[in-house]
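Thanks for coming. I will go through one structure today, from the whole chain down to single residues. Please keep the sequence and the model open while I talk.

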Amino acid sequence: MSNWHTKNQSEIFENLKTSFKGLSESDVKERLTQHGLNLLKEKKSKGPFGLLFDQFKDFMIILLVIASVISGLIGDIVDTVAILTIVLINAIVGFVQEYKAGKAMESLKKMAANLASVTRDGNTEKIDATLLVPGDIVHLEAGAVVPADIRLFEMAQLKVDESALTGESVPSEKAIDTLKEIDVPLGDRKNMVYKGTIVNYGRGTGVVVATGMNTEIGKIAYLIQDNEDNKTPLQKRLADFGKKLSVSVILVCALLFTVGILRGEPIALMFMTALTLVVAAVPEALPAVVTISLALSAKIMVKQKALIRRLPAVETLGSVTYICSDKTGTLTQNKMTVEMLFADNRLIILREGLNEETKSNNESLFIALSISNDAVFNTEGKLIGDPTETALVEMAQKFGFFKKDIEKAFPRVAEIPFDSDRKTMTTIHKYKDKFLVITKGAVDVMLTKSKDIMINGIIKPIDEQKLFDINEEMASNGLRVLCIAQKFYDKVPEELSSELIENDLTIIGLIGIIDPPREEVKDAVALCNNAGIKTVMITGDHPVTAKAIAKEIGITTSEKGVLTGKDLNTISDEEFINKYVIDTRVYARVAPEQKLKIVKALQSKGQYVSMTGDGVNDAPALKRADIGVAMGITGTDVSKQASDMILLDDNFATIVRAVKEGRRVFDGILKMIRYILSTNSGEIMLIFFAPFFGLPLPLLPIHMLWLNLLTDGLPSLAFAGGPAEPDIMNRPPRDPKTGILTGTMVVKILWTGFLLASIGLIIQVYTVPFMPKEKWQTILFTFMCFAELGAALALISEKKSFFSLKFREMKFMLAAVGATLLLQVAIIYIPFFNPIFKTTPLTLNEFLITCALSTVLFIAIEIEKLIRKGWCANRNC
């Protein structure tokens, strides 16, 4: 970090070789050559062709391309075209997503100022902000975007909105004093302003100390670009699955080919059979079905106010183990609100209401809150101004004291503006034949300026210790505390000095202000806890405020302190990873690169991390996290472009709904994979074992391809619309290290496939000797199709019986199975298809017996559910 905040004006001028007159033209040219334009630079990207080429590097895609070539070799051009079309569609979808995801830098650039007011050679002029260089003297005023990182040396009531950079809700009140401590968080560097932030109030002058990529926002730009791309959990698992599947397929086919040759089978026949097995084993439709499943779920999530920018993010949410959330605007309302007040000698929590006696006894306090501020109503009737002051006005209005009405009775005649040195603000109002003085400020300062206190309308001596204790109690709850006092004059003093006017005051109340949590957040955090997901608050705000909010919403119940950005600087990476990162729930006063450090540390411990935020300062961590979640309403364009998902209602609770949907989707994908591999393995076992029983090749290549495309198509897709399992939000996240093919999954696949193949072999044994080839193959072909559809119906829920499901929970599967049944019946009974698919019509008895045998697999899977349910009931699983 640069240490300009620790240097005084003369040191800065000397280091930067500048003065109040500014730089000369020759100095500017030299420094532009040295430092470059005041722009955020992008590192060289891969370009559209590079991104498109990357889409074909996935192992599963390579396997599908090989499968398409094999399909062509065995004479099925239609299947070759179908597989290559699937590959191309996936490549285009992936390309579009990655191309859009690279737009974060463009949004970051938009935050830069277009023009800057600068003094050069003693003349002040407006110039293109990109031409600023270190040493330039820049002038700021309300409404301006700060054009570079600037060290202030002159200011008047300057307030700057730095929330997008630091995460603080309240505009930062600036000062020009030199700071002694080097390691100071950005939000506490009061003598600095930063590129891309906005001047809310006042004016200031300073010297440019950093431009372009050397600014704080430039560092964020670097972090955004520097992050390596991370594969989502689903992408990692599917890649691993594809590799294991390909190895298994090659081994099985090689074994089958070898055994066949040893048995004396013709080489050509065994080669064709082996190739057929390859095509049967490769789930050609899997990538497309997964993509469509995620797209359908993304459509559902939009209705739930969650917009998915990258499709794999749907499933990733179901896998996250940590949600790292920014505080301001995400967990809180990003709106300062009066939470407590001290009046009538007692502390009052406003959410619990205010009785009429308290209101009548404290009219002076509510009048003061209404009029001693610079908040105004715009043409639309919206209250605008400093967030603290608008909070005071809104609180007064809530209890019937309306600013516009009271200002008519108490017109302002004079004021002494706030400044950070004396920490007070005073306004003077005419009231009848007197003048009311209202002063507000920090409690410790106001106690030195006050002589008594009003309690129940009666003036009494001040109990300083009690006020200190009340102040401490309110501050410990994360509240910003203001003390309000007043006095009367018969006439306005000629000299409007703070020394003269701000003394002998009567305290009329203490006000506690905070950016409160969103109402629904507490329940959302509790649901995350219940689902085994740990919520972590990461904020640039003060530690006390962060801790108070975290305790209130249930992120932490510990009395331990929070880790600050300063702590993170003193802890080594190794110590942080091994001792702190897993158990720490609150981080405060952190810099953007530290948010990134936290996310990386969690990932190094094998966790899947979601980062939630809305500011520019969140963008690097949003991009690095396994899933970045941005706010749609209050979020900056930078955070949105860096994210995987956008919350359209800025509601943290929406994340919980998204987590549930993500888990449901992943469950659906697992069911789909079990279904595809179970049925495909059944087909492989049938073809593999038939020769050992002296039986002919059970199915032709065209049958295998039809089964794969038909039964792996619509029914597989229907799993995306299946119901959520009953325990979906009462179980911990899936272990990040667990792949798709677990031991349990393999056992389920093998027994299902074995049963399917066994019945198929029995059908062959009892039909081959007595029926023509086309007849028995049609029966076997139809049995395989119908049995696989029965498995799809049974597998729509892993835990609930098919018969206990509601129609709306299985309507997509019923439609898919119905359509597939009709297609299979069509290729049997419509003469046009018989020569193509080598089928022949079945008699009614043959058809009904085939249907009856097809139900065995469905019944077996339903029995498995009952057995597993009883087993789990005895073991509380």
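Before anything else: this is a predicted model. Every value I quote is computed from it.

I start with the chain as a whole. There are 35 helices and 26 strands in the protein chain. It has 877 residues, and 55% of them count as buried. The accessible surface comes to about 37400 Å², and carbon and sulfur atoms account for 60% of that. On contacts: take those between residues at least 6 apart in sequence, and 72% of them join residues at least 24 apart.

Ile513 is in strand 20, which covers residues 505-514. Its relative accessibility is 0%, so Ile513 counts as buried. What does Ile513 touch, if we do not count residues up to four places away in sequence? The list is Met336, Thr337, Val338, Thr388, Ala391, Leu392, Gly478, Leu479, Arg480 and Leu482. Look at Ala391 in that list. Ala391 and Ile513 are 122 residues apart along the chain, yet their C-alpha atoms are separated by 7.7 Å.

Most residues other than glycine have a negative phi. Gln157 has phi near 50 degrees. Gln157 is placed in strand 4, residues 149-161, and at 30% relative accessibility it counts as partly exposed. Lys423 has phi near 60 degrees. Lys423 sits in the loop between strand 14 (412-419) and strand 15 (424-431). With a relative accessible area of 41%, Lys423 is also partly exposed.

Now the rings. A pair of aromatic rings is described by the distance of the centres and the angle of the planes. Searching the whole structure gives 17 aromatic pairs. I will show two of them.

The pair I take up now is Phe576 with Tyr587. These rings are edge-to-face, 6.2 Å centre to centre, with 75 degrees between the planes. Phe576 belongs to helix 24 (residues 573-580) and Tyr587 to strand 23 (residues 586-588), so the pair ties together parts that are 11 residues apart in sequence. Phe576 and Tyr587 are both buried.

The other pair is Phe832 with Phe833. It is edge-to-face as well, at 5.3 Å centre to centre and 80 degrees between the planes. Are these two residues buried or exposed? Phe832 counts as exposed, because its relative accessibility is 59%. Phe833 is at 26%, so it counts as partly exposed. Both belong to a cluster, in which ring pairs link Trp706, Phe832, Phe833 and Phe837.

Rings also meet charges here. Lys159 has its charged end over the ring of Tyr201, 5.7 Å from the ring centre. Lys404 does this over the ring of Phe377, with its charged end 4.9 Å from the centre.

Last, a helix pair. Two packed helices are described by the angle between their axes and the distance between the axes. For helix 32 (residues 773-794) and helix 33 (residues 807-829), the angle is about 175 degrees and the axes are 10 Å apart. That makes helix 32 roughly antiparallel to helix 33, because the angle is over 145 degrees. Which residues make the contact? From helix 32 we have Thr778, Phe781, Thr782, Cys785, Phe786, Leu789, Ala792 and Leu793. From helix 33 we have Met813, Leu814, Val817, Thr820, Leu821, Gln824, Val825, Ile827 and Ile828.

One more residue of helix 33 deserves a look, and that is Glu809. Why does Glu809 count as buried? Its relative accessibility is 15%, and the cut-off for buried is under 20%. Leaving aside neighbours within four places in sequence, Glu809 is in contact with Gly721, Gly722, Pro723, Ile796 and Lys800.

That is what I have for today.

Technical notes
Residues are numbered from 1 along each chain as its sequence is written. This is a predicted model: local features need pLDDT of at least 70, side-chain atom pairs count only at pLDDT 80 or more; totals for chains, interfaces and linings use all residues. Side-chain values use heavy atoms; hydrogens and water are left out. Rings of Phe, Tyr and Trp (its six-membered ring) pair if their centres lie within 6.5 Å; planes under 30 degrees apart count as stacked, over 60 as edge-to-face and the rest as tilted. Helices (H or I, at least four residues) and strands (E, at least two) are DSSP runs, numbered from the N terminus. Buried means under 20% relative accessible area, exposed over 50%, partly exposed in between (1.4 Å probe, protein chains only). A charge sits over a ring if NZ of Lys or CZ of Arg is within 6 Å of the ring centre and within 35 degrees of the ring normal. Contact means heavy atoms within 4.5 Å. Accessible areas come from the Shrake-Rupley method with a 1.4 Å probe; for residues, only the protein chains shown count as cover. Axes are lines fitted to C-alpha atoms, for helices over the stretch in contact, and angles run from 0 to 180 degrees between N-to-C directions. Angles under 35 degrees count as roughly parallel, over 145 as roughly antiparallel, 65 to 115 as roughly perpendicular and the rest as oblique.
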